[in-house]
Amino acid sequence: MSRYSIPTQDPRLTVIVGWDNPLATFFSQVFDPSIEDDDEAELLWIGTAPEAIPTVAALQLLEGAR
């Protein structure tokens, strides 16, 4: 699995993107580090099912729609 932190328009948030090889999908996670509870700090997690986001272009479309 690869994970990369990318810059955000809102500096209060942390955005991670990557590739999950066993699931054969790209994924993205958005966290608010100011929230102490990990479950509540996770604001978004996409790409959790097999082949859910097969290309970078598909990931860009999903992220752009949010």
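Start with everything selected and colour by contact range: of the contacts (heavy atoms within 4.5 Å) in the protein between residues at least 6 apart in sequence, 25% link residues at least 24 apart. Keep in mind that this is a predicted model, where local features need pLDDT of at least 70, side-chain atom pairs count only at pLDDT 80 or more, and totals for chains, interfaces and linings use all residues. Residues are numbered from 1 along each chain as its sequence is written, and side-chain values use heavy atoms, with hydrogens and water left out.

Switch to cartoon next. You'll find two helices and four strands (DSSP runs, H or I of at least four residues for helices and E of at least two for strands, numbered from the N terminus). Trace them from the N terminus and you read β-β-β-α-β-α.

Now select the strands. They form an open sheet in the order S1-S2-S3-S4, with antiparallel pairing; two strands pair if DSSP finds at least two bridges between them. Which strands sit at the edges? Strand S1 (2-6) and strand S4 (42-46), each pairing on one side only.

Zoom in on residues 25-31, which are strand S3: four bridges join S3 to S4, and the two run antiparallel. Pick Ser28 and you'll see that its bridge partner in S4 is Ile46.

The protein exposes about 4,700 Å², with carbon and sulfur atoms supplying 55% of it (Shrake-Rupley method, 1.4 Å probe; for residues, only the protein chains shown count as cover).
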